[in-house]
Amino acid sequence: MSEKLLEIKPILPQNREAAIELVNQFFRMVNKLPLDGIFKIRPRAAAKMVDIYLKLRATDKVLFIGGFIEEELVSLLIARVEEKPYLIEDKNLFIDLAVTKQGKRKSGYMKPLVQETFRYAKEKGILAVELRAISENEGAVEFWKKMGFDPFYVRFRKSVE
């Protein structure tokens, strides 16, 4: 029995529905986390996000890639170039979202997308890749540390009542 290989490809308009479903899976998981009661992702946010990045993918400012097993989208990563003219590094690549399909997590389908992100950053002369992870999402925090990311900022949040 031969193992099917993961292929990394750009997310294209024909992948829109599969990408929306994958992003929705992530957003539903985030909305179930015991956060501050205010932070909730809106309905239809996944469709809006995917549509925005499908439009922006033609620019030199975004990376919108998926991991495919044959035609099935099993993982997805969205990153954007952030201009930082006030810093010596000038710009960085910020990962907005990285998600693997339910039932396929911990199968190694995200690591190649992250490696492609590093390759893309080097090609663009970008010195650093950044992201945010919700501290309650312990699996994600653990994954990013294993990928060589170090905590850098501490982002605080307080509700004002």
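What follows is a short exchange on how some terms apply to this predicted model.

Visitor: Which residues make the contact?

Guide: Helix 1 gives Arg16, Ala19, Ile20, Val23, Asn24 and Phe27. Helix 2 gives Ala45, Ala46, Ala47, Met49, Val50, Asp51 and Leu54. By class, ten are nonpolar, one is polar and two are charged.

Visitor: What makes Ala79 buried?

Guide: Buried means under 20% relative accessible area. Ala79 has 0%, so Ala79 is buried. Ala79 is found in strand 3 (residues 72–84). Leaving aside neighbours within four places in sequence, Ala79 is in contact with Lys61, Val62, Leu63, Leu93, Phe94, Ile95 and Asp96. The C-alpha atoms of Ala79 and Glu130 are separated by 9.3 Å, and these residues are 51 apart along the chain.

Visitor: How many aromatic pairs does the structure hold?

Guide: The structure holds six aromatic pairs. One of them joins Tyr53 and Phe64.

Visitor: Why is the pair of Tyr53 and Phe64 called edge-to-face?

Guide: The ring centres must lie within 6.5 Å to pair, and planes over 60 degrees apart count as edge-to-face. Tyr53 and Phe64 are 6.2 Å centre to centre, with 65 degrees between the planes. Tyr53 lies in helix 2 and Phe64 in strand 2 (residues 62–69), so the pair ties together parts that are eleven residues apart in sequence.

Visitor: Are these two residues buried or exposed?

Guide: Tyr53 has a relative accessible area of 8% and is buried. Phe64, at 4%, is buried.

Visitor: What makes the pair of Phe118 and Phe149 tilted?

Guide: Stacked needs planes under 30 degrees apart, and edge-to-face needs over 60. The planes of Phe118 and Phe149 are at 35 degrees, with ring centres 5.8 Å apart, so the pair is tilted. Phe118 lies in helix 3 (residues 111–123) and Phe149 in the segment after helix 4 (138–146), so parts 31 residues apart in sequence are tied together.

Visitor: How do you know that Phe118 is partly exposed?

Guide: Phe118 has 28%, so Phe118 is partly exposed. Phe149, at 14%, is buried. Phe118, Phe143, Trp144 and Phe149 form one aromatic cluster.

Notes:
Residues are numbered from 1 along each chain as its sequence is written. This is a predicted model: local features need pLDDT of at least 70, side-chain atom pairs count only at pLDDT 80 or more; totals for chains, interfaces and linings use all residues. Side-chain values use heavy atoms; hydrogens and water are left out. Contact means heavy atoms within 4.5 Å. Helices (H or I, at least four residues) and strands (E, at least two) are DSSP runs, numbered from the N terminus. Ala, Val, Leu, Ile, Met, Phe, Trp, Tyr, Cys and Pro count as nonpolar, Asp, Glu, Lys and Arg as charged, and the others, Gly among them, as polar. Buried means under 20% relative accessible area, exposed over 50%, partly exposed in between (1.4 Å probe, protein chains only).
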